[in-house]
Amino acid sequence: SLPHAFQLWAFPLVFVGFAILAGLWPFHTWAPDTYEGAPTPVAGFLAATVGVGTPLLLAATGEMITERSGVINLGVEGAMLAGALTAAMGSAAGGPWVGVLTGILGGLLISAIFSAVSIGLRADQIITGAAITLLATGVTGIVFRRAFGDEGPGIGIPTFERWDMAG
């Protein structure tokens, strides 16, 4: 159970967040891709927050589960970087399903390295996780520029057509 004081200030904030996303206030954050001309800077910020925060929320959820088992894996961001790079390389070479599989394998490889060093060699988990993240940050940056140049992979992402909305 959450403390009563926490509930008193957290519930209104959560309610306001859902009300904005549901369109009860005219922030238009419920459809940021279809309504790019957000009427206020706050709406643009909130729309970007949802898009940028989702992968971090998923990573934090995975880290929370691993911490419940007694492992502190600070290399989660490194695994995400490796998975993203290998997914881009795989999809550029063989299509979207190859990209999904190579992304999974890239993240799995980094996680296996973390596991082998921190559990197999009994190294400090925090130092190992930080080292994995720094290693993945450097290596993925170098490999990305070598493989795709500064422009990127040029992978087309399917989207919906632009909708004209009344109001």
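Ile-104 lies in helix α4. With a relative accessible area of 51%, Ile-104 is exposed, the cut-off for that class being over 50%. Its C-alpha is 8.9 Å from the C-alpha of Ala-84, a residue 20 positions away in sequence. These values, like the others below, come from a predicted model.

**Overall architecture**

The protein chain has five helices and zero strands. Read from the N terminus, its elements follow the order α-α-α-α-α. The chain holds 167 residues, of which 23% count as buried. Among contacts with a separation of 6 or more, 50% join residues 24 or more positions apart.

Two packed helices are described by the angle between their axes and the distance between the axes.

| Pair | Axis distance | Crossing angle | Handedness |
|---|---|---|---|
| α3 and α5 | within 8 Å | roughly 20 degrees | left-handed |
| α4 and α5 | 10 Å | about 150 degrees | right-handed |

Helix α3 spans residues 76-94 and helix α5 spans residues 125-148. Because angles under 35 degrees count as roughly parallel, α3 and α5 are classed as roughly parallel to each other. On the α3 side the contact comprises Glu-77, Gly-78, Leu-81, Ala-82, Leu-85, Ala-88, Met-89 and Ala-92. On the α5 side it comprises Ile-132, Thr-133, Ala-136, Thr-137, Thr-140, Val-143, Phe-144, Ala-147 and Phe-148. By class, the residues of the contact of α3 with α5 are 12 nonpolar, four polar and one charged.

For the second pair, the cut-off is over 145 degrees, and α4 and α5 are therefore roughly antiparallel to each other. Ile-110, Ile-113, Phe-114, Val-117 and Ser-118 form the α4 side of this contact, while Gln-125, Thr-128, Gly-129 and Ile-132 form the α5 side. The residues of the contact of α4 with α5 divide into five nonpolar, four polar and no charged.

Leaving aside residues up to four places away in sequence, Ile-132 touches Gly-75, Gly-78, Ile-110, Ile-113 and Phe-114. Ile-132 also belongs to the largest nonpolar core, which has six residues in all, the others being Val-71, Ala-79, Ala-82, Ile-110 and Phe-114. In soluble globular proteins, nonpolar side chains tend to be buried together.

**Thr-133**

Thr-133 is also placed in helix α5. Its relative accessibility is 12%, so Thr-133 counts as buried, the limit being under 20%. Apart from residues up to four places away in sequence, Thr-133 touches Leu-74, Gly-75, Glu-77 and Gly-78.

**The loop between α4 and α5**

Arg-122 is in the loop between α4 and α5. Its phi is near 55 degrees, a positive value in a residue other than glycine. Arg-122 is exposed, with a relative accessible area of 73%.

Methods:
Residues numbered from 1 in each chain as written. Predicted model: local features only at pLDDT ≥ 70, side-chain atom pairs only at ≥ 80, totals over all residues. Heavy atoms only, no water. Axes fitted to C-alpha atoms, helices over the stretch in contact; angles between N-to-C directions. Helix = DSSP H or I, 4+ residues; strand = E, 2+ residues; numbered from the N terminus. Parallel < 35°, antiparallel > 145°, perpendicular 65-115°, else oblique. Left-handed = near helix turned anticlockwise from the far one by under 90°. Contact = heavy atoms within 4.5 Å. Nonpolar A, V, L, I, M, F, W, Y, C, P; charged D, E, K, R; others polar. Buried < 20%, exposed > 50% of the residue type's maximum accessible area, 1.4 Å probe, protein only. Core = buried A, V, L, I, M, F, W, Y, C linked by side-chain atoms within 4.5 Å.
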